[in-house]
Amino acid sequence: MDKQTIQGFKRYGSYEPSRTGLLLVDPYNDFIHPDGKSFPKAKEVIEGVHLLDNLRRIVKKARELSIQVFYVPHHRTSPGDLADWKYPTPGQLSTVERLVFQRGSWGGEFHADFQPQPGDVIVQEHFGQSGFANTDLDRLLKQHDVDKIILIGMLANSCIESTGRFGMELGYHVTLVKDATAAFGWDLMHAAHDLNGPTFAHAIMTSDELLDILQGKPIPVEEAVNAK
């Protein structure tokens, strides 16, 4: 755990389950299933960080602790999407052209291991990268009295990063979990967690470190003095 994260826990305290939300971003088949349309682009990183295993462990622990789970899904595409948009991005146009996350298709369904359970919250779909922009996520978090958000899912350098930045701007405590997300390359993971993450996130850690803290293991605040 890095110095900034340790000092943050000393300043802000740990996670109170009733005020913590787990944001599961875009757990679509097209992203995280081997047969998904975009899986090949992220395959090396997904397998390298053991993404699915870490997602399963964190979601399971969140449910055990009654931490509210929020599904934060990308817009599911349909032919003709964005036809009347003034400034769609190249990424948005490519997603629509390839019909990634196509509505009504297997690829646009949540992975079988991450099906919503009773009590989970499904947020409005986002068209861009931020789960907050033009959705009801902020309102839903406030309705559940959540002010600390833990972000996991896809992609580290786009939807995870954008949602985390937007959340920070809205006043939320933001946690990134380095091996519970993936990207289309290791350079993008480095940018998301090592370069950009420290500019907005309050905590950046591994799945093991997060699970230790959620299970009550003492936070090593003493290490902050010597951490490099």
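**Entry 1: Arg139**

I started with Arg139, which sits in helix H6. This is a predicted model, so I read everything below as computed from that prediction. I then took the separation from Arg63, which lies 76 residues away along the chain. The C-alpha atoms of Arg139 and Arg63 are 21 Å apart.

**Entry 2: loops on either side of H6**

Asn134 belongs to the loop that runs between strand S3 (121–122) and helix H6 (137–143). Its phi is positive, about 60°, although Asn134 is not a glycine. I noted this because most residues other than glycine have a negative phi. Asn134 is also exposed, and I found a relative accessible area of 78% for it.

Asp145 lies in the loop between H6 and S4. Here too I found a positive phi of about 60° at a residue that is not a glycine. Asp145 is partly exposed, with a relative accessible area of 46%.

Which peptide bond is cis, with omega near -15°? I found it going from Met154 to Leu155. Leu155 is placed in the loop between strand S4 (148–154) and H7. I marked the bond for a second look, since most peptide bonds are trans.

**Entry 3: H7 against H8**

Next came the two helices H7 and H8. I found them packed at an angle of about 25°, with 9 Å between their axes. Angles under 35 degrees count as roughly parallel, so H7 is roughly parallel to H8. From H7, the residues in the contact are Ala156, Asn157, Glu161 and Arg165. They meet Leu188, Met189, Ala192, His193 and Asn196 of H8. Sorting the contact of H7 with H8 by class, I got four nonpolar, three polar and two charged residues.

**Entry 4: the buried side of H8**

Which residues of helix H8 (residues 186–196) are buried? My list reads Met189, Ala191, Ala192 and His193. Around the axis they cover an arc of only 165°, which puts them on the same side of H8. I also looked up what these buried residues pack against. The partners are helix H3 (39–48), helix H7 (156–169), strand S5 (173–182) and strand S6 (203–205).

**Entry 5: H4 against H9**

I turned to another helix pair, H4 (residues 51–64) and H9 (residues 207–214). Their axes come within 10 Å and cross at roughly 15°. H4 is therefore roughly parallel to H9. The crossing of H4 and H9 is left-handed. On the H4 side I listed Asn54, Arg57, Ile58 and Lys61 as making the contact. On the H9 side, Ser207, Asp208, Leu210, Leu211 and Leu214 take part. By class, the contact of H4 with H9 comes to four nonpolar, two polar and three charged residues.

**Entry 6: the two sides of H5**

For helix H5 (residues 90–98), I wrote down Gln92, Thr95 and Val96 as the buried residues. Seen down the axis of H5, they fall within an arc of 95°, so they line one face of the helix. Pro90 and Glu97 are exposed on the other side of H5. Leu99 follows H5, and I read a positive phi near 50° there.

**Entry 7: Ser78 and the end of H5**

Last, I went to Ser78, in the loop between strand S2 (68–72) and H5. Ser78 is partly exposed, with a relative accessible area of 25%. What does Ser78 touch, leaving out residues up to four places away in sequence? I found Val96, Leu99 and Arg103. Of these, Val96 was already in my notes as one of the buried residues of H5, and Leu99 as the residue that follows H5. Ser78 and Leu99 are 21 residues apart along the chain, and their C-alpha atoms are separated by 6.7 Å.

Methods
Residues are numbered from 1 along each chain as its sequence is written. This is a predicted model: local features need pLDDT of at least 70, side-chain atom pairs count only at pLDDT 80 or more; totals for chains, interfaces and linings use all residues. Side-chain values use heavy atoms; hydrogens and water are left out. Buried means under 20% relative accessible area, exposed over 50%, partly exposed in between (1.4 Å probe, protein chains only). Helices (H or I, at least four residues) and strands (E, at least two) are DSSP runs, numbered from the N terminus. The arc is that of the directions from the helix axis to the C-beta atoms. Axes are lines fitted to C-alpha atoms, for helices over the stretch in contact, and angles run from 0 to 180 degrees between N-to-C directions. Angles under 35 degrees count as roughly parallel, over 145 as roughly antiparallel, 65 to 115 as roughly perpendicular and the rest as oblique. A crossing is left-handed if the near helix is turned anticlockwise from the far one by less than a right angle, and right-handed if clockwise. Contact means heavy atoms within 4.5 Å. Ala, Val, Leu, Ile, Met, Phe, Trp, Tyr, Cys and Pro count as nonpolar, Asp, Glu, Lys and Arg as charged, and the others, Gly among them, as polar.
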